[in-house]
Structures are given as C-alpha cells and as structure tokens.
Amino acid sequence: MKRLIIYPFVLSVLFLLSSCHKNEDNFDATGTFEATEVLVSSEANGKIIELNVREGDRLEAGAYVGYVDTMQLYLRKMQLAASLRAVDIRKPDVRKQIAALEQQIATARSEQQRMQNLVNANAENQKQVDDIVNNIAYLQKELDAQYSTLHKTSVSADADSESVLYQIMQLDDQIQKSRIQNPQTGTILVKYAEPGEITTTGKPLYKIADIDLIYLRAYITAYQLSQLQQGQFVRVFADYGKKEQREYTGTVTWISDKSEFTPKGIQTKDERANLVYAIKIAVKNDGYLKIGQYGEVRFQ
C-alpha cells in the first residue's frame with residue numbers, strides 16, 4: 001500500500017521538474033538588446049555658450065543644439081577681410097598705367113606716316129623718318145617693360161588675395177563647426193558637458209541612439225547556422241521580471257562569419273558548445289525595450 005502512495009507522488013515530482021526544465025530551455029538563442037549609439041563630440045575649442053540637450057530628449061537629425069564661442073574666430077576673419085581690401089588697393093590698374101605710353105606710340109606712328117609722305121614728296125629727308133622709327137621702337141620696349149612689371153605686380157596681388165580668401169574660408173569652416181548640430185535622429189542617452197565649460201576638439205558632448213529600431217545581439221551554435229539566414233523573421237521575447245514576457249517579431253540583419261567563445265551570462269541551446277556565432281536581430285521598439293535588457297529568440 002505504501003508503494004502505491006509513493007509511486008504516483010514521485011511521478012508527479014518528476015513531471016513537474018521535467019516541465020520546468022522544458023520552459024527554461026524553450027529558446028533557441030539568448031542575448032541583450034543594443035542600439036546604434038553615436039558619440040557626439042566637439043569640433044571646436046573654446047567655451048560652450050549654449051547646449052540645449054537633456055538626457056531622454058528626442059532630437060531630429062540636423063537639429064541645432066548649441067554653439068561654442070566664436071568671438072576670436074570672428075575678429076580674425078574681420079582682420080583678414082581688411083587685409084584683403086588692402087591687397088585690392090595695392091593692385092595696379094594696368095590699362096590706366098600704360099595708357100600714356102600707348103598714346104605716345106600712337107602719336108609717333110601718326111607723325112611717322114606724315115613725315116614719310118613728305119619724304120615721298122621730296123619735302124623732307126629720310127633721317128627724320130628714321131629718328132621717329134627709332135623713337136617708336138624705344139617707346140615700345142619701354143611699354144613692354146612696364147607692362148611686364150605691372151603684370152607681375154598684379155599676379156602677385158592676385159596670389160595674395162587668393163591666400164587671404166583661403167584663410168577666410170578656413171575661418172568660416174571653423175565658425176560653422178562651432179555650431180553643434182545633431183547628427184542623427186534619436187534619444188539622448190548621456191550628456192557629458194554643460195554650458196560654461198571649456199571644450200576642445202574631440203571632447204564628448206553627449207551620446208545619442210536611435211532606439212525606435214533596437215537590436216538583439218544573440219549567440220547561436222555552429223549547428224544552428226543552417227537554420228538562419230539574413231532577412232529571416234524570428235520570434236523575440238523580452239523579460240520584464242516576475243516571469244512576464246513580451247513577444248516581438250524580429251528580422252535577422254547580420255550573422256557573424258567568425259566564431260567566438262560564449263560570452264559570460266549568455267545561454268545557448270547546447271550548453272556544451274564553447275564556440276558560438278553572434279547574430280543581430282532588428283526589432284521595432286514599442287517603448288518597452290531598453291538597451292542592455294535580456295532577450296530570447298525562437299526560430300520557429
């Protein structure tokens with residue numbers, strides 16, 4: 001009689017333990033949720049005048065959020081602009097400065113023609129015509145020399161102007177980079193700086209991530225590779241404590257081509273497997289999924 005009482009009881013216990021084990025092992029892969037994070041850093045040196053971001057704020061791509069002091073850059077730009085005007089003033093007006101010599105040559109040519117007509121009429125001798133020709137040749141050489149000098153001066157002034165213009169463009173770029181613009185749509189995760197602080201190029205200002213589309217980084221065994229392909233839909237479950245789970249539809253977006261040792265805290269379908277392959281599963285976030293949260297995957 002005793003055996004009949006104990007036997008069903010033992011069977012019940014074994015059945016419950018078996019059921020619990022099945023529920024705990026009812027997954028194909030596990031991992032944690034992550035998002036594409038962007039660390040926004042300063043592109044300028046100086047005091048932060050404005051930085052209008054708060055942790056938890058949602059920002060659109062290209063949104064203006066603040067700026068770094070640009071007064072010294074602006075003053076340097078004004079100084080260069082004055083230098084550019086000075087260079088323009090020094091630049092010679094070639095046409096005006098050679099106009100007098102060109103007029104002398106034109107007058108001499110006219111006189112040459114007149115004297116040649118007199119020589120042809122035997123009213124003047126050839127020497128006077130030759131003197132005018134020699135004078136024209138001298139004036140032409142003087143004109144060429146002056147034109148060459150003025151041309152070189154003008155080219156040098158143009159080069160100086162171009163150099164100053166490039167410096168102004170460089171300052172414009174630095175002033176533009178002093179404006180802090182948000183690079184991508186997302187939610188502010190961490191804020192590292194405040195207005196009034198001194199920043200330098202490359203110093204982090206805040207971290208932002210697009211959490212509308214979140215990724216579950218999970219790990220599978222070599223045997224499971226044959227069950228998955230990119231673009232495949234899978235079932236994703238997120239844990240919320242007290243055995244509460246939410247189910248989502250996920251899409252496999254990436255499968256690693258290199259194996260690695262199983263990360264700590266990650267369970268696999270086959271606990272004997274030492275090497276696993278990382279995968280990424282994209283899940284549309286309904287607001288409940290958080291970065292670092294634990295999740296499970298079922299392929300079917």
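How many bridges pair S10 with strand S13 (residues 275–284), and in which sense? This is a predicted model, and in it S10 and S13 pair in the antiparallel sense over eight bridges.

In S10, Leu216 is the bridge partner of Phe33. S10 spans residues 213–220 and joins S1 through five bridges, again antiparallel. Thr30 stands opposite Tyr219 of S10. How enclosed is S10? Six of its eight residues are buried, so S10 is largely enclosed by the rest of the structure.

Now follow S1 to another partner. S1 covers residues 29–34 and pairs with strand S14, residues 294–298. The sense is antiparallel, over four bridges. Ala29 stands opposite Val297 in S14. Strands of a sheet pair through backbone hydrogen bonds, either parallel or antiparallel.

A further sheet is open and has four strands. Its order is S6-S5-S3-S8, with antiparallel pairing. Which strands stand at its edges? They are S6 (179–181) and S8 (198–199), each with a single partner strand, so one side of each is left without a neighbour in the sheet. Strand S5, residues 64–68, is joined to S6 by three antiparallel bridges. Within this pairing, Tyr64 has Gln181 of S6 as its bridge partner.

Strand S3, residues 46–51, holds Ile48. Is Ile48 buried or exposed? Ile48 is buried: its relative accessible area is 2%, and under 20% counts as buried. Its contacts, leaving aside residues up to four places away in sequence, include Tyr67 and Val68. Leu205 is 157 residues from Ile48 in sequence, yet the two C-alpha atoms are 9.9 Å apart in space.

Two arginines lie over aromatic faces. The charged end of Arg246 sits over the ring of Tyr288, 3.6 Å from the ring centre. Arg298 lies over the face of Phe237, at 4.0 Å from the ring centre. What of ring against ring? With centres required to lie within 6.5 Å, the count of aromatic pairs comes to zero.

Definitions and conventions: Residues are numbered from 1 along each chain as its sequence is written. This is a predicted model: local features need pLDDT of at least 70, side-chain atom pairs count only at pLDDT 80 or more; totals for chains, interfaces and linings use all residues. Side-chain values use heavy atoms; hydrogens and water are left out. Rings of Phe, Tyr and Trp (its six-membered ring) pair if their centres lie within 6.5 Å; planes under 30 degrees apart count as stacked, over 60 as edge-to-face and the rest as tilted. A charge sits over a ring if NZ of Lys or CZ of Arg is within 6 Å of the ring centre and within 35 degrees of the ring normal. Two strands pair if DSSP finds at least two bridges between them. Helices (H or I, at least four residues) and strands (E, at least two) are DSSP runs, numbered from the N terminus. Buried means under 20% relative accessible area, exposed over 50%, partly exposed in between (1.4 Å probe, protein chains only). Contact means heavy atoms within 4.5 Å.
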